[in-house]
Amino acid sequence: MDGCRAGWLAVRLAAGNGAAESVIYPDWAALVRGLADVARICVDMPIGLADHGPRPCDRAARAILPRARKSSVFAPPRRYMLGLAYDGVRQAARARGDAGLSIQAFNIMPKIAELDSALRPADQGWVLETHPELAFHHLNAGNALPRKADRTGRAARRTLLAAAGLPGIDALLAAHPRAQAKPDDVLDAGVCALVARDSLHGRARRVPDGPPERDSRGLRMEIWY
């Protein structure tokens with residue numbers, strides 16, 4: 001799963017023949033109804049929000065990535081930031097002596113809040129947080145990749161997905177107009193689908209290595225790849 005302009009983009013892998021399809025759901029509630037028979041969901045969106053400061057799982061993810069890709073792991077909003085305008089976020093963070101929020105994180109805050117309001121700790125057996133850059137880095141044997149915004153970066157990630165067992169990537173990329181989902185969204189959702197598959201077979205990895213911290217709602221703060 002990845003957030004996209006039209007809602008939530010799902011790349012779904014069939015357990016039997018490994019066939020892949022992509023579907024866009026307008027909101028998380030529709031997604032839950034549409035994917036009720038799915039064994040595992042991996043989503044490129046923060047699950048578990050700190051009350052103050054950085055999440056240890058983000059620090060651990062950044063430590064694995066090469067220097068040029070570390071910035072792709074940006075800190076999510078702290079829980080008190082949800083629902084605030086950007087100026088309000090900055091003022092609230094300053095008042096608490098906390099770090100601010102990047103504009104990238106602020107722009108996806110509505111989706112973070114949507115997911116946060118829907119999930120309970122018990123749901124984390126079904127829905128896991130994933131970071132695509134961490135997953136692609138793992139698929140590339142720990143070697144640095146070009147930026148996914150570049151044509152060469154997208155081509156490299158497409159090749160990695162095909163080699164890892166995601167079929168019909170060209171069809172997935174052509175399934176939705178760019179006004180609904182960008183090619184980057186499809187590639188990111190595709191690698192999330194592979195992490196979901198691998199997690200069911202005990203092949204996925206997780207940061208942090210030890211027991212993850214939980215947020216004030218009891219949600220585990222961890223990233224699978």
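Select α6 and α7: they pack at an angle of about 65°, with their axes 10 Å apart. Axes here are lines fitted to C-alpha atoms, for helices over the stretch in contact, and angles run from 0 to 180 degrees between N-to-C directions. That makes α6 roughly perpendicular to α7 (65 to 115 degrees; under 35 counts as roughly parallel, over 145 as roughly antiparallel, the rest as oblique).

Before going on, note that this is a predicted model: local features need pLDDT of at least 70, side-chain atom pairs count only at pLDDT 80 or more, and totals for chains, interfaces and linings use all residues. Residues are numbered from 1 along each chain as its sequence is written, and side-chain values use heavy atoms, with hydrogens and water left out.

Helices (H or I, at least four residues) and strands (E, at least two) are DSSP runs, numbered from the N terminus.

**Stop 1: where α6 meets α7**

Show Glu133, Phe136 and Leu139 of α6 with Arg157, Leu160 and Leu161 of α7; these make the contact (heavy atoms within 4.5 Å). By class, this contact has four nonpolar, no polar and two charged residues. Ala, Val, Leu, Ile, Met, Phe, Trp, Tyr, Cys and Pro count as nonpolar, Asp, Glu, Lys and Arg as charged, and the others, Gly among them, as polar.

**Stop 2: the whole of α6**

Now select residues 132-139. Six of the eight residues of α6 are buried, so the helix is largely enclosed by the rest of the structure. Buried means under 20% relative accessible area, exposed over 50%, partly exposed in between (1.4 Å probe, protein chains only). Which residues of α6 are buried? Pick out Pro132, Glu133, Leu134, Ala135, Phe136 and His137. They pack against α2 (56-64), α7 (151-163), α9 (183-200), β6 (206-207) and β7 (223-224). Step just past α6 to Ala141, which takes a positive phi of about 60°.

**Stop 3: α7 beside α9**

Select α7 and α9. They pack at an angle of about 30°, with their axes 10 Å apart. That makes α7 roughly parallel to α9. The contact includes Arg154 and Leu161 of α7, and Leu187 and Val191 of α9. By class, the contact of α7 with α9 has five nonpolar, one polar and four charged residues.

**Stop 4: the cysteines**

A disulfide is a pair of cysteine sulfur atoms within 2.5 Å. By this rule the count is zero. Find Cys57: the nearest cysteine sulfur, that of Cys42, is 14 Å away. Cys57 is buried, at 1% relative accessible area. For Cys192, the nearest cysteine sulfur is that of Cys42, 6.6 Å away. Cys192 is buried too, at 0%.
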